Amino acid sequence: MKNNIFISSLPGQTDYLEKEISDLGFDIVKKSFFGINIKGSFNDCVKLNLWLRTANKVLFELKSFYAPDANKLYREVYNFHWHTILPADGYFTVDSYVKNDTINDKRFAQVKLKDAIVDRLRKEKNQRPDTGPERDDSAVYLHWSENKAVVYLDTSGQTISKHGYRLHPWKAPLLEALASSIIMGTNWTPDQLFVNPMCGSGTLAIEAALMAINKRPGLMRSNYGFMHTHLFDVDYYKDEMNILKNEVKSGDNVRIIAGDIESKAVDIAKQNAKAAGVEDLIDFYTDDFRRTPLPDSEGVIVINPDYGIRLSEGEDDKLEELYKEIGDFFKNEATGYTGYVFTGNLKLLKRVGLRTSSRKTYFNGKLECRLAEYHLYKGSKKE
């Protein structure tokens, strides 16, 4: 029997999530700004959690119903067979999206949901589970909009937009799922050189290396929400993990260069790459981006410079000069490559001074960003 499954993405990045889900053989039922709806089994949720790079959560629908107020919500949730889903002696957490005229604070709705689940489990099993904010065990999600409520099992628990290898952050690090989406938004293929100046904590370079050898996020994480339910099929999980391991390719032909002017950032990036198991696939350097060691070949260069948000006095001019120097670097040192600049400052992006061949929209948190593409032709464009 197949239920509704909602796979949430980072805002506005469902194009990349849609491709990933379709490549796994699932039919898309609905696509929105925040995610993808499909039909599938609980085991399908296990698979999605292990394989997807650009997802945030995998939610397995348990029940949808009419709920004009909190009392109706409680009754409908209480009448569900929770003892077949959650361990009565376990732990669960509740999260929600609530937009209902009778509710001023979503925490009240979450308490009603939690109480209904606990009361039903106590009736059936004469036990009650612990509850709290931690997401390392079972998790339930409520989406309550106007008079319609949908209750999901959050099969991810902790978000899967973090891929589990970044032990040490650096200044304003990119979320791993966002980095994956950015790479998917470029024209890079694993047989090409990937260059990442201003690498920071190394997320873009590491995600490119993981893609190049087809190493999936599930191989770097050992705990999910789905593991703490009665629906968990441990044999299916072990079989899927074996498939993931067998899908990993040799990195013999992988070519990735990453660097930063700050040696501490490079040290952190190396440690994170080691945690991801790809430290041997990335050539790290410590230097200014203008002295990036570029081989005489074709490839992709991705730069994620400072956006200049909340600038102190005087820094605006420095960043304008930085973006201009990025354009000069592309024009003078990187002919034959395809250059990309990812930024949340569209005013500064103009200072690059080169004609873009495309601009793709992303969101880094709530900040609207652009991935600008520059074809850096050798000779003339006509040639």
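User: What makes D235 and N246 count as exposed on the other side of α7?
Analyst: Exposed means over 50% relative accessible area, buried means under 20%, and partly exposed lies in between, with a 1.4 Å probe and protein chains only; D235 and N246 are exposed by that rule, on the other side of α7. This is a predicted model, in which local features need pLDDT of at least 70, side-chain atom pairs count only at pLDDT 80 or more, and totals for chains, interfaces and linings use all residues. Residues are numbered from 1 along each chain as its sequence is written, and side-chain values use heavy atoms, with hydrogens and water left out.

User: Which residues of α7 are buried, and how do you know that they line one face of the helix?
Analyst: The buried residues of α7 are Y237, E240, M241 and L244. Seen down the axis of α7, the buried residues fall within an arc of 105°, taken from the directions from the helix axis to the C-beta atoms, so they line one face of the helix. These buried residues pack against α2 (42–51), where contact means heavy atoms within 4.5 Å.

User: How do you know that the span of helix α7 agrees with its number of residues?
Analyst: The expected span of a helix is 1.5 Å times one less than its number of residues. For the 14 residues of α7 (residues 234–247) that gives 20 Å, and the end C-alpha atoms are 20 Å apart, so the two agree. Helices here are DSSP runs of H or I with at least four residues, strands are runs of E with at least two, and both are numbered from the N terminus.

User: What reaches the backbone nitrogen of D235 at the start of α7?
Analyst: A side-chain oxygen of D233 comes to within 3.1 Å of that backbone nitrogen of D235.

User: Why are C45 and C369 called buried?
Analyst: C45 has 0% relative accessibility and therefore counts as buried, and C369, with a relative accessible area of 0%, is buried as well.

User: Why is K324 called partly exposed, and where is K324 placed?
Analyst: K324 has a relative accessible area of 33% and is therefore partly exposed; its place is in helix α9 (residues 315–333). Leaving aside neighbours within four places in sequence, K324 is in contact with R351 and V352, while K324 and G353, 29 residues apart in sequence, are 6.6 Å apart in space, C-alpha to C-alpha.

User: What makes strand β12 mostly covered, and which strands pair with β12?
Analyst: Five of the five residues of β12 (residues 299–303) are buried, with G299, I301 and I303 on one side and V300 and V302 on the other. Two strands pair if DSSP finds at least two bridges between them; three bridges join β9 (residues 193–196) to β12, and four join β12 to β13 (residues 338–343), both pairings being parallel. The bridge partner of F194 is V300 in β12, and I303 stands opposite V341 in β13.

User: How do you know that β2 and β6 are edge strands?
Analyst: Eight strands form an open sheet of mixed pairing in the order β2-β3-β1-β4-β8-β7-β5-β6, and β2 (30–31) and β6 (130–131) each pair on one side only. Within that order, seven bridges join β4 (residues 55–66) to β8 (residues 148–154) in the antiparallel sense, and Y66 stands opposite K148 in β8.

Conventions: A polar contact is a pair of N or O atoms within 3.5 Å; within protein, one must be able to donate a hydrogen and the other to accept it, and residues adjacent in sequence count only if both atoms are side-chain atoms.
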